[in-house]
Amino acid sequence: MSPSVFIIIVNWKNWQDTVECLESLQRNNYGNFRTVVVENHSENESYDKLSEWSKDKERLTILQTEANLGFAGGNNVGIRYALANDAEYLLLLNNDTVVTEDFLSSLIKTTMEEDAGITGCKILHHSDGRIWYLGGKMSWMRGGAYHPGKGRPDRKIAKKPFEVDFVTGCMMLIKREVFGKIGVLDESYFLYNEDTDYCVKAFKAGIKMVVDPLTIIYHKERSTDGGWKPYHIYYLIRNKLIFMNRYAPDSVTLWTFYSVIGLVGLTLSVKWVFQNRFDLISAYLKAISDYSKGIFGKINQTELTLYF
């Protein structure tokens with residue numbers, strides 16, 4: 001019998017994309033799967049809309065949180081539910097994705113053949129078919145992982161699975177045993193870098209990570225948010241600092257990164273002044289300040305405008 005897979009999708013204020021993702025999952029040809037939607041306290045009509053859509057659907061569970069737990073916290077609710085229900089594989093999937101019919105059967109086959117603990121796939125932009133993710137690498141100067149080739153046309157050169165440093169949390173198939181070795185996602189980030197943190201832990205634990213370039217899904221990328229907001233800047237900057245403080249290979253690398261992020265912040269601030277985006281400057285300064293004070297996890301977004 002095929003191994004059981006629990007697909008975990010976190011929804012926050014975006015039930016329309018979640019429904020489209022779920023509809024694509026309904027068409028996939030892998031039999032032994034269940035879907036768990038974690039409704040992450042959207043405070044809009046998401047829970048009602050998703051509940052209405054799911055009435056006649058089998059193998060679908062909707063869990064509702066009592067607060068917005070962020071990407072890591074929301075996924076962890078689904079992960080713990082799946083583990084408690086004897087899932088053999090867990091698949092984290094962004095709600096703004098659309099999957100292909102054979103994506104799951106292909107992923108499971110590759111994972112078993114490669115004896116991988118974590119498996120990713122080729123992810124293309126939903127709008128134009130360009131590459132969004134085809135393997136990730138670590139960069140200490142960037143303060144985390146990046147996607148080589150992002151934005152380029154899909155030339156379909158890679159034909160075989162290959163090992164990587166980083167599998168994006170946008171689509172991450174994880175063998176059950178991995179959670180026993182390195183636990184669940186780190187909720188101190190709340191948003192951004194938690195998947196990078198998880199992959200570093202996996203690498204240190206000797207867990208093999210691969211990407212299957214012949215398995216494809218499509219990603220809309222920021223279809224809900226519609227551009228940068230103060231909370232994007234805050235969590236990106238603060239969490240890169242948290243990540244680097246934990247994992248930078250030496251003090252020289254860490255202080256070099258501090259210099260880089262300071263220079264980047266100065267350059268962006270000049271740009272934001274001309275754009276009258278003092279809210280983004282405030283978020284950047286708040287991120288630096290909170291990191292230095294050891295303030296992690298979720299913050300109140302109203303605090304991001306305190307500097308101006």
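## How two helices pass each other

A crossing of two helices is called left-handed if the near helix is turned anticlockwise from the far one by less than a right angle, and right-handed if the turn is clockwise. In this predicted model, helix H7 passes helix H9 in a right-handed crossing. The contact is made by residues of both helices, including Pro 230, Ile 233 and Tyr 234 of H7 and Asp 279, Leu 280 and Ala 283 of H9. Sorted by class, the residues in the contact of H7 with H9 are twelve nonpolar, one polar and four charged.

Two packed helices are described by the angle between their axes and the distance between the axes. Here H7 covers residues 230-247 and H9 covers residues 278-293, and their axes come within 8 Å and cross at roughly 25°. Since angles under 35 degrees count as roughly parallel, H7 and H9 are therefore roughly parallel to each other.

## Salt bridges

Side chains of opposite charge can pair when their charged atoms come close. The count for this model comes to 14 salt bridges. One of them joins the side chains of Glu 20 and Lys 220, with 2.5 Å from N to O. Glu 20 lies in helix H1, while Lys 220 lies in the loop between strand E12 (209-219) and H7, so the pair ties together parts that are 200 residues apart in sequence. Glu 20 counts as partly exposed at 30% relative accessibility, whereas Lys 220, at 18%, counts as buried.

Another salt bridge is formed by Glu 187 and Arg 80, whose closest N and O atoms are 3.9 Å apart. This pair also links distant parts of the chain, because Glu 187 is in the loop between helix H5 (176-182) and helix H6 (194-204) and Arg 80 is in helix H3, 107 residues apart. Glu 187 is partly exposed, with a relative accessible area of 37%, and Arg 80 is partly exposed with 46%. Elsewhere, Asp 186, Asp 197, Lys 201 and Arg 246 are linked in a network of salt bridges.

## Two loop residues with positive phi

Most residues other than glycine have a negative phi. Lys 13, although it is not a glycine, has a positive phi of about 65°, and its place is in the loop between strand E1 (5-11) and helix H1 (15-26). At 39% relative accessibility, Lys 13 counts as partly exposed.

Asp 86 is not a glycine either, and it has a positive phi of about 65°. Asp 86 lies in the loop between helix H3 (70-84) and strand E4 (89-93), where, with a relative accessibility of 58%, it counts as exposed.

Conventions. Residues are numbered from 1 along each chain as its sequence is written. This is a predicted model: local features need pLDDT of at least 70, side-chain atom pairs count only at pLDDT 80 or more; totals for chains, interfaces and linings use all residues. Side-chain values use heavy atoms; hydrogens and water are left out. Helices (H or I, at least four residues) and strands (E, at least two) are DSSP runs, numbered from the N terminus. Buried means under 20% relative accessible area, exposed over 50%, partly exposed in between (1.4 Å probe, protein chains only). Axes are lines fitted to C-alpha atoms, for helices over the stretch in contact, and angles run from 0 to 180 degrees between N-to-C directions. Angles under 35 degrees count as roughly parallel, over 145 as roughly antiparallel, 65 to 115 as roughly perpendicular and the rest as oblique. Contact means heavy atoms within 4.5 Å. Ala, Val, Leu, Ile, Met, Phe, Trp, Tyr, Cys and Pro count as nonpolar, Asp, Glu, Lys and Arg as charged, and the others, Gly among them, as polar. A salt bridge is a side-chain nitrogen of Lys or Arg within 4 Å of a carboxyl oxygen of Asp or Glu.
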